[in-house]
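Trainee: I would like to learn how to read a structure like this one. Please take me through it feature by feature.

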Amino acid sequence: MKLSKQTVLITGGSAGVGLELARKFKQHNNRVIICARNAEQLAKAAQEIGDIETIPCDLAKESDIYALVETLKNKVGEISILINNAGIQLNYNFTQVEPELTVKNVDWEIDVNLNAVIKLTTLCLPLLKNQPQSAIVNVSSGLAIAPKRSAPVYCATKAAIHIFSKALRYQMEDKSPNIGVYEAILPL
């Protein structure tokens, strides 16, 4: 994967791992676009790093995912690296749950951590296919392999990302060898 002179989209790019990735990619002479839910955090990240683009987007909302991709098509024109980094981790004790609240939180966590990755990847594939060399990087976690007691849904979504990444890699090798698929398994 070529790491300079690329157009890079990083989800969850306004804080944590995403912000650090944005900083590093910018240092290596890339066009960097970050998206996140919080417009204030996006503005702060852009000011901190300098010369990056921001797109507000709540990945739990399918309409926002479509709008993000339309913005990429109409205003950016291309991307060569998609980094699916956004994620949320909520703690549950399923022996002591408030059913209605828990169901809403489970949906939110699965939508952001898994469904958004699959949907955004699907919608970005035409942009990635147009590049001579492009990449999809899905950020996972060691918790996909060794789950922790307090975050069963998060751990399950990261395990699903692991398998999705592997299967997608097989498909791209056969049909679109210009698109590399990578999984970044972050340690605890």
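Trainee: What should I know before starting?

Mentor: This is a predicted model, in which local features need pLDDT of at least 70 and side-chain atom pairs count only at pLDDT 80 or more, while totals for chains, interfaces and linings use all residues. Residues are numbered from 1 along each chain as its sequence is written, and side-chain values use heavy atoms, with hydrogens and water left out.

Trainee: In what order do the strands form the sheet?

Mentor: Helices (H or I, at least four residues) and strands (E, at least two) are DSSP runs, numbered from the N terminus. Two strands pair if DSSP finds at least two bridges between them. Here 6 strands form an open sheet with parallel pairing, in the order β3-β2-β1-β4-β5-β6. β3 (53-56) and β6 stand at the edges with a single partner strand each, so one side of each has no neighbour in the sheet. As one example of pairing, β4 (residues 81-84) and β5 are joined in the parallel sense over 4 bridges; I81 has A135 in β5 as its bridge partner.

Trainee: Which strands does helix α1 lie across?

Mentor: Axes are lines fitted to C-alpha atoms, for helices over the stretch in contact (heavy atoms within 4.5 Å). Angles run from 0 to 180 degrees between N-to-C directions. Helix α1 (residues 16-27) lies across β1 (7-11), β2, β4 and β6, and runs at about 170 degrees to β1.

Trainee: How many residues does the largest nonpolar core have?

Mentor: In soluble globular proteins, nonpolar side chains tend to be buried together. A nonpolar core is a set of buried Ala, Val, Leu, Ile, Met, Phe, Trp, Tyr and Cys residues joined through side-chain atoms within 4.5 Å. Buried means under 20% relative accessible area, exposed over 50%, and partly exposed in between (1.4 Å probe, protein chains only). The largest core has 29 residues, and those with the most contacts inside it are L9, L68, L72, I79, L120, C124 and L128. Two or more residues each come from β2 (31-36), α3 (62-76), α4 (99-129), α5 and β6 (179-186). Of these, α4 gives the most, with 8 residues. Another core lies apart from it, with 18 residues, including L19 and V139.

Trainee: How many disulfides does the structure hold?

Mentor: A disulfide is a pair of cysteine sulfur atoms within 2.5 Å. The structure holds 0. The closest cysteine sulfur to that of C35 is in C57, 4.9 Å away, which is too far for a bond. C124 is in no disulfide either, as its nearest cysteine sulfur, that of C35, is 9.2 Å away. C35 is buried at 1% relative accessibility, and C124 is buried at 0%.

Trainee: Is I136 buried or exposed?

Mentor: I136, in strand β5 (residues 134-141), is buried, because its relative accessibility is 0%. Beyond its neighbours within four places in sequence, I136 is in contact with residues including L82, T121, L168 and Y182. From S80, I136 is 56 residues away in sequence but 8.5 Å away in space, C-alpha to C-alpha.

Trainee: Which side chain makes a polar contact with that of T157?

Mentor: A polar contact is a pair of N or O atoms within 3.5 Å; within protein, one must be able to donate a hydrogen and the other to accept it, and residues adjacent in sequence count only if both atoms are side-chain atoms. T157 sits in helix α5 (residues 152-175), and its side chain makes such a contact with the side chain of N113 (3.3 Å). T157 is buried, with a relative accessible area of 3%.
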